[in-house]
Amino acid sequence: MTWEGFELETGIYQGHEYGIVFPKKAAPGRPFVWRVEFFGAFPGVDLEMLENGYAVVYYRIPDLYGSPKAVGWMGAFQPFVQKKYGLSGRAILFGFSRGGLYALHYAAKYPERVASLYLDAPVVDIYSWPGGCFSTGGSPEEWEDCKALWNKTHDEFMDLIDSAVGTLLEWSVPLILVAGGKDEVVPYHENGALLQAAYEKGGGVFRLIMKPECKHHPHSLEEPQPVVEFLLENKSSACVGNALRINDQSITKYPLTLMVHDKEHLDLVMCAENIFWGKCPLGYVGTSPWPGSVTNQKTMEYGSPYNVRLYDFLRAQAETGWIIYGQSAGGEKENEILAMVKDMKEKCPGAKQIWMKKSGESLSGAIHGILSEYGVRLAEYESVEDFGAWLKILTEEIRQAKPPVWFDSLEREGAEWTNVSITLPEEEKENRILLVGDSISAGYGDMVQKKMPGWHVDRLNTSEGIHHPNFLRLLELALQRYAYRLVHINNGIHLHGQSVEQYGQNLMGVFSWIHMVSPSTKIVFATTTPISRSLEKGELENFNTQHFSMGDKAPLTLGAQDEYWVTDEKASRIYKELNEKAMEICAEHNIPVNDLYQLCIEENLQKSDGVHFKEEAYQKLALKISQTLKRELSAG
């Protein structure tokens, strides 16, 4: 069977017809588009996506208006069709007209399964269509069916829309919206404009293509390339992971206080960091290594083997005296909380466990039972300030505690952190790459993922330098999970006083260890980026190329920026010497080198401070890294 010259296969899944149109040559990773309604209507973009190697899938469950019933059918169908045809883990959803309801609510329920959204004259507010409660007559017969399926007041439905769009923004799901300026059936100002306002306010990746004189029909564009280009260039790269951090671990006369938090309780972590800093060791584990920054859209489930090993790694760093939970306890979290509290009790039997509950927050009987069974004390607080006052009292209690029975004698930074990011879906084990580094690789990691279609780009970012035993311990956890095709190592800022010779010996040890643990994994070494300094006002006013003796790229618009950064030759000298030693070792052992140091100098990549880069510079780093990865992967 064929459709528009492409092979079409149809079947029945759970009583409903489905179909898949195959491209003549599949793109890397076998990506696909899912037409959630009206397959075959206005197919310009579908056909172009097929030409670009994307399959097109449909599943006929009409007249369900994107309701929870529809989302339930869809939720079962996607894993089925992916497994049966070997498709990628994330779909691009096409939602035309009422199909917008299907696409929006499915993506909000399963954001980890969605790469991007193309909505065309979409229904967003059911009270606009089919309800006809505002500027149009709607469709009275369909409204009765829709209203029965949703059973929501208008205010309740609007709250649902706000929550759905919030989820899409949190998961960085790109959205392109095509609409008619004179749509008489699904007026834009009552529907698509709601999404536009939310995406623009939330800073999401969004594009609107308005057809000023167009009514509800025809859908799509005569020249579909703008939509296709957006979809090919913009895809979410959602990650699941965890982040660990310990501050002031060198203060060894006090036991560690460990905070286990979620995104909703980052304010508690920030408060604790301010109070504990310089006084007592504080560890925290949750959504990101720094409060206020989120590198993973989802935190690993506590009981997952990888996550358990990460917690074991954290607990092995110091004796734990107190465990403070800043966790939301609603929804489906009871089993996870049980696993968490039980594991903490078994592995830190002497630690005092405290659950922070905000006044007015309700906890289920099951949660109360879990906390009681494992001796977790409830502490209630009114505000962050109230929590801070309680913490100050706790620090006095900590200062009266007995010194730890044990601690390691490794050299420590003021704050040591690790962030693990695994691209979704976790169960896909093929075509995985691991970027290893520190805060620099954290900056470009997501950008590299977006430039590597068909590959899963995982990240292990840590402050542990390559000389540190913890570096190999963390790397071992990652290599135990996946048989990575390639490991890209960019980790050199955290030196801890290594000499050039010591650095070379340690680097050779890392290479040998990777070859031993994962012999099929290819290694690419990236040189450490240089240190920069900001030009002072007088230097900017009298700018000439002599300020760029390590690179002669001048500012494009001198004076248009608040500051301008140049390579600091004196501060960068040690990194230049370390890089030369690393390249010497790599040449001896046939390990490819990705020279990011030289790129920074030649392009004068601009910084946000002496170490970290501005977004445009990170993009240039990501481009070079993706080009290097593709070259080395194709070379075998």
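Which residues are linked with Asp-312 in a network of salt bridges? Arg-315, Asp-343 and Lys-347 are linked with Asp-312 in that network. The model described here is predicted. Over the whole structure, a search finds 24 salt bridges.

**Salt bridges within a helix**

- Arg-315 and Asp-312 form a salt bridge in which the closest N and O atoms are 2.8 Å apart.
- Both residues belong to helix α9 (residues 305–315), and because they are three residues apart there, about one helical turn separates them.
- Another salt bridge joins the side chains of Asp-446 and Lys-450, at 3.2 Å from N to O.
- This pair sits in helix α13 (residues 439–450), where Asp-446 and Lys-450 are four residues apart and so separated by about one helical turn.
- Asp-446 is partly exposed, with 27% relative accessibility, and Lys-450 is partly exposed too, with a relative accessible area of 40%.
- An α-helix has 3.6 residues a turn, so residues three or four places apart point the same way.

**A salt bridge between separate parts of the chain**

- The side chains of Glu-142 and Arg-98 meet in a salt bridge of 2.9 Å, taken from N to O.
- Glu-142 is in helix α4 (residues 140–150) and Arg-98 is in the loop between β6 (91–96) and α3 (99–109), so this pair ties together parts that lie 44 residues apart in sequence.
- Both Glu-142 and Arg-98 are buried.

**Helix α12**

- Helix α12 has 16 residues, and the distance from its first C-alpha to its last is 22 Å, close to the 22 Å expected at 1.5 Å a residue.
- Its buried residues are Phe-387, Gly-388, Leu-391, Leu-394, Thr-395 and Ile-398.
- Viewed down the axis of α12, these buried residues fall within an arc of 115 degrees, so they line one face of the helix.
- On the face of α12 turned away from the buried side are the exposed residues Glu-385, Lys-392 and Ile-393.

**A nonpolar surface patch**

- Val-405, Trp-406 and Phe-407 form a nonpolar patch on the surface, and together they have about 350 Å² of accessible area.
- Phe-407 lies in the loop that runs between α12 (384–399) and β17 (415–423).
- The relative accessible area of Phe-407 is 45%, so this residue counts as partly exposed.

- Ser-518 is located in the loop between α15 (500–517) and β21 (522–526).
- Ser-518 counts as buried because its relative accessibility is 7%, which is under the 20% limit for that class.
- The side chain of Ser-518 makes a polar contact of 2.5 Å with the side chain of Thr-521.
- Gln-196 is part of helix α6 (residues 192–202).
- With a relative accessible area of 18%, Gln-196 is buried.
- The side chains of Gln-196 and Tyr-188 are joined by a polar contact of 2.6 Å.

Note on methods
Residues are numbered from 1 along each chain as its sequence is written. This is a predicted model: local features need pLDDT of at least 70, side-chain atom pairs count only at pLDDT 80 or more; totals for chains, interfaces and linings use all residues. Side-chain values use heavy atoms; hydrogens and water are left out. Patches are made of residues with over 30% relative accessible area and no salt bridge: like charges are joined within 9 Å, nonpolar side chains (Val, Leu, Ile, Met, Phe, Trp, Tyr) within 5 Å. Accessible areas come from the Shrake-Rupley method with a 1.4 Å probe; for residues, only the protein chains shown count as cover. A salt bridge is a side-chain nitrogen of Lys or Arg within 4 Å of a carboxyl oxygen of Asp or Glu. Helices (H or I, at least four residues) and strands (E, at least two) are DSSP runs, numbered from the N terminus. Buried means under 20% relative accessible area, exposed over 50%, partly exposed in between (1.4 Å probe, protein chains only). A polar contact is a pair of N or O atoms within 3.5 Å; within protein, one must be able to donate a hydrogen and the other to accept it, and residues adjacent in sequence count only if both atoms are side-chain atoms. The expected span of a helix is 1.5 Å times one less than its number of residues. The arc is that of the directions from the helix axis to the C-beta atoms.
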